[in-house]
Amino acid sequence: MPKAIITGITGQDGSYLAELLLSKGYDVWGLVRRSSSFNTARIDHLYQDPHHREVKLRLVYGDLNDSTSLANVLEEVKPDEVYNLGAQSHVRVSFDIPEYTGEISGMGSVRLLEAIRRQNLKTRFYQASSSELFGKVHEVPQKETTPFHPRSPYAAAKAYAYYITLNYREAYGMFAVNGILFNHESPRRGETFVTRKITRGATRIKVGLQDKLYMGNLESKRDWGFAGDYVEGMWRMLQTQEPDDFVLATGETHSVREFAEKVFASLDLDYKQYVEYDAKYERPAEVDLLLGDYAKAKTKLGWEPKVSFDGLVKMMVDADLVLAKEEKALADHKELVRQGQQ
Ligand code: NAP
Ligand code: GDD
């Protein structure tokens with residue numbers, strides 16, 4: 001059975017990738033950070049599935065800031081594949097913690113690559129590179145040959161990780177690839193990223209749990225796909241004959257405003273009545289327009305996105321409406337109990 005290590009397994013992409021690899025018969029090891037509260041909600045179902053009689057998913061403690069932990073897990077597992085998805089992945093937050101973001105999202109990659117190299121492993125390495133690298137874009141649409149122009153400490157860290165991955169491929173002949181992924185979302189998206197913030201906020205407004213949604217710049221445009229489609233592309237990148245870098249995108253772009261309008265409209269609400277501006281969500285430097293060209297992935301990997309923009313909006317709204325209704329029922333129940341106690 002092939003063996004894979006996933007860093008960032010507790011995150012959105014890590015959880016979908018773990019599902020995919022387990023379904024393909026992999027033994028999967030996930031690197032997790034010690035946390036003072038539970039942080040495995042996105043992968044708990046992989047343990048709880050009664051059909052997984054044999055444990056195929058193992059979690060080990062480690063940190064991208066801690067070379068020893070990375071070397072230890074590599075030595076123990078000797079994996080066929082490593083997917084480096086771990087990162088401080090929030091662009092706005094990276095302006096507040098630039099140095100930490102550099103350590104994790106940038107230096108974390110060289111720590112892993114170096115551990116693989118020093119142990120003479122034949123491990124294939126996937127680096128979670130980002131369309132944020134294109135930043136202040138030099139051409140539209142963006143493809144593998146488009147020059148980079150990072151606009152945040154996060155993107156600068158990811159630029160280092162991109163080039164060090166390329167360098168280990170060229171210098172040491174390692175099978176190390178960059179997936180340059182445009183934004184991808186899902187019901188498992190972190191709640192402070194804009195799509196999920198909108199679907200969560202709008203559905204909570206719909207059931208009466210909140211009145212307003214405070215947001216920043218609504219004019220930026222993103223190429224949004226479904227995370228489940230994108231992890232399939234990551235896996236395909238490690239199954240090729242020759243290591244190479246690939247863009248994954250949908251080839252469509254939409255503004256944040258359009259996303260909000262669509263989400264609220266699907267709940268029979270007018271976003272203009274609920275969305276308010278708060279400057280704290282603005283970034284010191286913005287990425288105005290992302291639009292990807294995934295022709296290379298289509299030709300060489302046979303990869304294409306399956307979920308449409310409307311399909312993504314519906315999937316996220318449906319899931320968050322269920323959550324909001326559960327939350328409302330619990331709040332109503334607590335209120336009844338409180339009144340009963342008076
Ligand atoms: P995410 O939900 O924010 O998950 C990030 C993961 O990294 C979490 O599992 C987190 O663990 C882990 N992590 C954070 N700091 C770490 C550290 N010091 N050591 C080890 N692990 C650490 O991100 P995502 O959306 O799944 O994205 C996955 C990767 O793809 C990231 O590298 C991201 O930058 C990149 N990317 C994402 C997109 C996108 O649109 N989603 C597009 C392009 C590239 P905790 O659960 O403990 O916080
Ligand atoms: N998060 C957030 N919150 N963004 C807002 C808000 C808000 O209240 N209001 C407006 N925005 C705008 C941001 O300014 C940005 O232009 C856009 O919404 C998207 O923001 P995010 O969803 O936070 O994503 P991102 O594009 O900055 O970064 C994501 O995609 C990258 C790939 O291009 C992250 O997943 C990165 O890790 C990833 O590399």
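The side chains of K314 and D318 meet in a salt bridge, 2.6 Å from N to O. A salt bridge here is a side-chain nitrogen of Lys or Arg within 4 Å of a carboxyl oxygen of Asp or Glu. This is a predicted model: local features need pLDDT of at least 70, side-chain atom pairs count only at pLDDT 80 or more, and totals for chains, interfaces and linings use all residues. Residues are numbered from 1 along each chain as its sequence is written, chains are lettered from A and ligands numbered from 1 in the order in which they are written, and side-chain values use heavy atoms, leaving out hydrogens and water.

- K314 and D318 sit 4 residues apart in helix 11 (residues 309-341), so about one helical turn separates them.
- D318 is partly exposed, at 37% relative accessible area.
- Salt bridges with shared partners join E191, R200, R204 and E327 into one network.
- D96 pairs with R92 in a salt bridge, with the closest N and O atoms 3.5 Å apart.
- The count by this rule is 23 salt bridges.

**Overall fold**
- The protein has 11 helices and 13 strands; these are DSSP runs numbered from the N terminus, helices being H or I of at least four residues and strands E of at least two.
- Buried residues make up 51% of the 342 residues. Buried means under 20% relative accessible area, exposed over 50%, and partly exposed in between (1.4 Å probe, protein chains only).
- The C-alpha trace spans about 65 × 50 × 40 Å along its principal axes.

**Helix 8**
- In helix 8 (residues 227-237), 9 of the 11 residues are buried, so the rest of the structure largely encloses this helix.
- Among the buried residues are Y230, W235 and M237.
- E232 and R236 form a salt bridge at 2.8 Å, N to O.
- E232 is buried at 15% relative accessibility, whereas R236 is partly exposed at 25%.

**Surface patches**
- E252, E258, E261 and D270 gather in a patch of negative charge. Patches take residues with over 30% relative accessible area and no salt bridge, joining like charges within 9 Å and nonpolar side chains (Val, Leu, Ile, Met, Phe, Trp, Tyr) within 5 Å.
- Asp and Glu count as negative, Lys and Arg as positive; His and the chain ends are not counted. A charge is placed at NZ of Lys, CZ of Arg, CG of Asp or CD of Glu.
- E261 lies in helix 9 (residues 256-266).
- V93, I97 and Y100 form a nonpolar patch with about 210 Å² of accessible area together, by the Shrake-Rupley method with a 1.4 Å probe, counting only the protein chains shown as cover.
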